[in-house]
Amino acid sequence: MEALLRLEAVETYYGEIHALRGIGFEVRQGQVVTLLGANGAGKSTTLRTISGLVPARSGRVLFEGADITRLAAHSIARLGLVHVPEGRRIFRGMSVEENLDLGGYSVVDEGVRRRRRDAAYAMFPILAERRNRDSSLLSGGEQQMLAIARALMSEPKLLLLDEPSMGLAPRLVQEIMRTIRRLNEAGTTVLLVEQNARVALRLAHYGYVLETGRIVLAGEADALEKNESLAKAYLGGGGSKPERAAAG
Amino acid sequence: MPLYEVLLQQLANGLILGSFYALVALGYSMVYGVIKLLNFAHGDLYMVGAFAGFGALSLISGWAGGGWGGIVPAILFSMLAVGVLGVIIDRVAYRPLREAPKLSVLITALAVSMLLENVALAFTGGQYTAFTTSLGFAGINLGMVHVTWTQMVLVGTSVVLMVVLELFVSGTRHGKAMRAIAIDQDACRLMGIDVDRTIALTFLIGSALAAAAGVLAGVYYGSINFFMGFLIGLKAFTAAVIGGIGSIPGAMLGGILLGLLEAFGTQIPGVGSEWKDVFVFAFLILFLVFRPTGLLGQPEVERM
């Protein structure tokens with residue numbers, strides 16, 4: 001089966017820092033794939049390289065068989081590969097509804113945009129209640145829902161989620177994970193970056209473990225869950241955190 | 001004249017002056033909002049706009065007349081030409097420096113300002129150019145205060161432009177994208193927003209508004225020169241700071257307030273009209289010291 005997303009020997013630098021050292025993996029249509037690893041292992045950098053926010057120095061990123069390595073980030077987003085970044089990055093100071101409209105920026109037809117907005121409100125009723133509120137006044141969980149709902153406005157084929165559970169109470173983590181499962185069952189392919197490996201593996205079909213910019217372990221989620229070296233892998237080998245330092 | 005008529009006269013003067021300031025301040029503030037650049041060349045676009053409008057009016061006044069029939073197309077031409085010039089300046093001078101330290105871009109903006117002024121100086125020989133129109137002094141009398149139709153149309157045109165801008169920025173997807181870019185450029189890219197094109201759009205609109213103000217000022221004052229953009233650039237900056245730089249309603253409010261301050265300030269005993277610039281910039285300093293976020297601005301950590 002043709003992979004929806006495929007990375008081949010991708011190397012990425014932040015200035016002098018060699019953040020990704022030859023990453024290669026694939027995400028198949030309909031799957032939830034998770035990238036695990038410690039702080040600074042290169043998980044976020046991998047997502048940022050795929051979505052075009054940071055350029056790969058070498059290697060290739062293929063989406064639906066087409067080379068997107070050198071495309072601008074906004075062009076990649078318009079192909080249906082949408083990245084929900086770490087820290088949610090909602091547009092603070094703008095209302096919930098405006099945030100959703102911006103998610104649907106590439107949808108020119110106002111009617112289509114309105115239908116998708118209504119679908120987002122149906123999926124996240126709390127956002128409908130808060131639609132005219134300044135998004136920075138939402139709680140952490142609500143902001144994460146808004147970030148996901150905003151990404152769904154363009155009906156992505158592949159959703160990159162960077163630590164959606166970060167900073168959330170356990171009950172909310174469960175809710176977000178249920179949401180991701182629902183999205184996947186509805187046909188969206190998901191590449192999920194998580195520090196919370198146990199939660200991620202329960203959801204994922206397949207997983208990769210990163211350590212200092214390399215993939216050190218790969219396998220079916222069930223197998224990874226039982227793997228003894230996994231605990232060691234995501235506690236992290238080195239002490240440096242190049243990714244966090246550079247990404248700020 | 002009785003006092004209330006003096007005040008009424010100054011109110012009219014202040015509103016006209018203020019609407020020019022507001023139009024120029026809008027571009028200043030919009031550009032600052034999206035790329036955090038104090039575009040010191042912005043005032044000079046007002047000057048170029050005045051000349052572009054003058055040139056267009058000279059060409060067409062033969063058959064369109066020197067009244068509004070000629071002035072309106074001249075304004076539209078000037079807005080388009082200077083809007084495009086603004087986009088070119090961004091593309092050539094500022095975009096290559098998007099990742100550079102802000103000071104480098106700031107110095108580049110000063111260089112662009114000097115370039116525009118000196119090109120205009122070379123073309124005009126430093127002379128004042130008479131901006132002649134066939135608009136008369138007809139109008140309405142309020143007591144001893146005479147307000148011409150021209151003055152009312154000037155203020156009206158400014159208000160219309162500002163309302164259109166506000167509707168565009170708050171209501172359309174491109175307008176929302178402009179505001180979003182001011183908040184988080186990377187997040188915008190992830191939404192499929194072409195950040196460079198949206199910044200270019202900001203320059204287009206901001207420059208066009210400055211050009212409109214330039215032509216309107218030419219019509220109002222009756223003469224233009226290569227240096228006319230310098231002082232209004234500083235005043236528009238002041239207006240943008242008073243309103244809260246980066247805020248569109250703030251720029252409008254700041255511009256009008258500054259115009260009124262200047263008009264009424266000259267009426268304070270002991271403060272003659274030769275002190276009006278001192279008066280204005282004293283306010284700038286007061287705001288920078290005591291309320292750097294302005295009247296409507298958002299608090300922000302990083303400032304130039």
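A: Strand 4 (residues 58–63) and strand 5 of chain A run antiparallel, joined by 2 bridges; strands here are DSSP E runs of at least two residues, helices H or I runs of at least four, numbered from the N terminus. It's a predicted model, where local features need pLDDT of at least 70, side-chain atom pairs count only at pLDDT 80 or more, and totals for chains, interfaces and linings use all residues. Residues are numbered from 1 along each chain as its sequence is written, with chains lettered from A and ligands numbered from 1 in the order written.

Q: What's the bridge partner of A:Phe63 in strand 5 of chain A?
A: A:Ala66.

Q: And in what order do the 4 strands of the open sheet in chain A come?
A: The order is 2-1-4-5, with antiparallel pairing (strands pair if DSSP finds at least two bridges between them). Strand 2 (17–28) and strand 5 (66–67) of chain A are at the edges with a single partner strand each, so one side of each has no neighbour in the sheet.

Q: Switching to helix 3 of chain A: how many of its residues are buried?
A: 6 of the 8 in residues 96–103, where buried means 20 or more other C-beta atoms within 10 Å of the residue's own, exposed means 12 or fewer, partly exposed is in between, and C-beta atoms are placed from the backbone.

Q: Which ones are they?
A: A:Val96, A:Asn99, A:Leu100, A:Asp101, A:Leu102 and A:Gly103.

Q: What about chain B, how many helices and strands?
A: 11 helices and 4 strands, and 47% of its 304 residues count as buried.
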